[in-house]
Amino acid sequence: YAQDKTISRIESVQSLYIELFRDNQFLGKATGFVIKPLKKSYLITNWHVVTNKNPENGEWLNPKIPIAPNLVKILHNGTTLGSYTIKDEALVDSSNKVRYTEFRYNQNIVDVIALPLTDTIQNVTLYPVNFNETADSLVIQPTDRVFVLGFPKGFRSAPAFPIWKSGLIASEPDFDQEGKPILWIDIF
């Protein structure tokens with residue numbers, strides 16, 4: 001890919017395409033991103049992606065394939081913009097214990113996990129999301145426009161950038177939804 005190309009938004013390289021496997025059996029594709037709170041890097045993705053289960057009731061998302069992935073393949077950014085390197089990360093260790101951290105809120109599963117990355121040294125450029133940057137003066141309200149990016153149904157823009165979607169904040173941000181500190185967005 002041409003080395004003189006640039007991107008207009010850092011989020012285009014922060015969003016990562018991932019594929020899930022049970023051994024060699026392909027189970028699905030999804031979106032993730034990296035955070036690096038201190039020295040270690042973590043892949044952040046959804047709990048339902050790495051378990052193949054519904055976080056509300058624990059049932060299999062696809063009853064015809066009632067198995068959970070044990071491997072995630074991450075399409076990392078390469079050393080030059082527009083180049084990519086695939087890295088495998090085990091979701092379980094040798095004793096079949098999950099390697100990722102699950103999160104709970106009031107005893108309920110939060111649909112997010114953090115997987116420590118082990119193989120990001122060679123041929124990879126990380127663009128971690130800086131979650132410490134806060135916008136203290138940011139006030140959001142219903143009808144504000146928001147953007148969500150990722151790889152819906154595996155779609156991506158060339159060479160392997162995410163698809164950007166826009167929508168609107170669809171609930172009052174100061175009020176919990178379904179007993180959780182979340183807000184709704186309306187995206188078509």
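This is a predicted model: local features need pLDDT of at least 70, side-chain atom pairs count only at pLDDT 80 or more; totals for chains, interfaces and linings use all residues.
**Ground rules**

I number residues from 1 along each chain as its sequence is written, and I use heavy atoms for side-chain values, leaving out hydrogens and water.

**Entry 1: the largest pocket**

I began with open space, taking a pocket as an open set of points, on a 1 Å grid over the protein atoms alone, with protein on both sides within 12 Å along at least five of seven lines. Grid points are joined across faces, edges and corners, and I take a volume as the space filled by probe spheres set on the points. The largest pocket comes to about 1600 Å³ on this basis. I count a residue as lining if it has an atom within 4 Å of a point, and 41 residues line the largest pocket, with F33, N46, V148, L149 and I185 nearest its centre.

I then asked which elements supply at least two residues of this lining. They are α1 (11–14), β2 (25–35), β3 (42–45), β7 (108–116), β8 (145–150) and β9 (163–169), where helices (H or I, at least four residues) and strands (E, at least two) are DSSP runs numbered from the N terminus. By class, the lining has 22 nonpolar, 9 polar and 10 charged residues; Ala, Val, Leu, Ile, Met, Phe, Trp, Tyr, Cys and Pro count as nonpolar, Asp, Glu, Lys and Arg as charged, and the others, Gly among them, as polar.

The largest cavity holds about 40 Å³ of space, and its lining is made up of S12, V13, S15, L16, Y17, L75, N77, Y84, A160 and F161. Two or more of these residues come from each of α1, β1 (16–22) and β4 (71–77). I find 7 nonpolar and 3 polar residues in this lining, and no charged ones.

The second largest cavity holds about 30 Å³ and is lined by V13, Q14, L16, V34, H76, N77, T125, L126 and Y127. Here α1 and β4 are the elements that give two or more residues, and the lining divides into 5 nonpolar and 4 polar residues, again with no charged ones.

Strand β6 (residues 101–105) runs antiparallel to β7 and is joined to it by 5 bridges, strands being taken as paired if DSSP finds at least two bridges between them. Y105 has N108 of β7 as its bridge partner. The two strands form a hairpin with 2 residues between them, and in the turn N106 has a positive phi of about 50 degrees. Q107, in the loop between β6 and β7, has phi near 70 degrees, also positive in a residue other than glycine. Is Q107 buried or exposed? Q107 is exposed at 69% relative accessibility, where buried means under 20% relative accessible area, exposed over 50% and partly exposed in between (1.4 Å probe, protein chains only).

I also looked up F103 in strand β6, which is partly exposed with a relative accessible area of 36%. Leaving out residues up to four places away in sequence, F103 touches N108, I109, V110, V112, I113 and A114, contact meaning heavy atoms within 4.5 Å. F103 and A30 are 73 residues apart in sequence and 19 Å apart in space, C-alpha to C-alpha.

**Entry 2: K87**

K87 is found in strand β5 (residues 84–90) and is buried, with a relative accessible area of 8%. What does its side chain reach? The side chain of K87 reaches the backbone oxygen of Q122 at 3.1 Å. Apart from residues up to four places away in sequence, K87 touches V72, K73, I74, H76, D119, Q122 and V124.

**Entry 3: backbone details in two loops**

N52 sits in the loop between α2 (47–51) and β4, and has a positive phi, near 65 degrees, in a residue other than glycine; at 14% relative accessibility, N52 counts as buried. In the loop between β8 and β9 I noted P159, where the peptide bond from A158 to P159 is cis, with omega near -10 degrees.

Conventions: On a 1 Å grid over the protein atoms alone, a cavity is a set of points where a 1.4 Å probe fits but cannot get out, and a pocket is an open set with protein on both sides within 12 Å along at least five of seven lines; lining residues have an atom within 4 Å of a point. A polar contact is a pair of N or O atoms within 3.5 Å; within protein, one must be able to donate a hydrogen and the other to accept it, and residues adjacent in sequence count only if both atoms are side-chain atoms.
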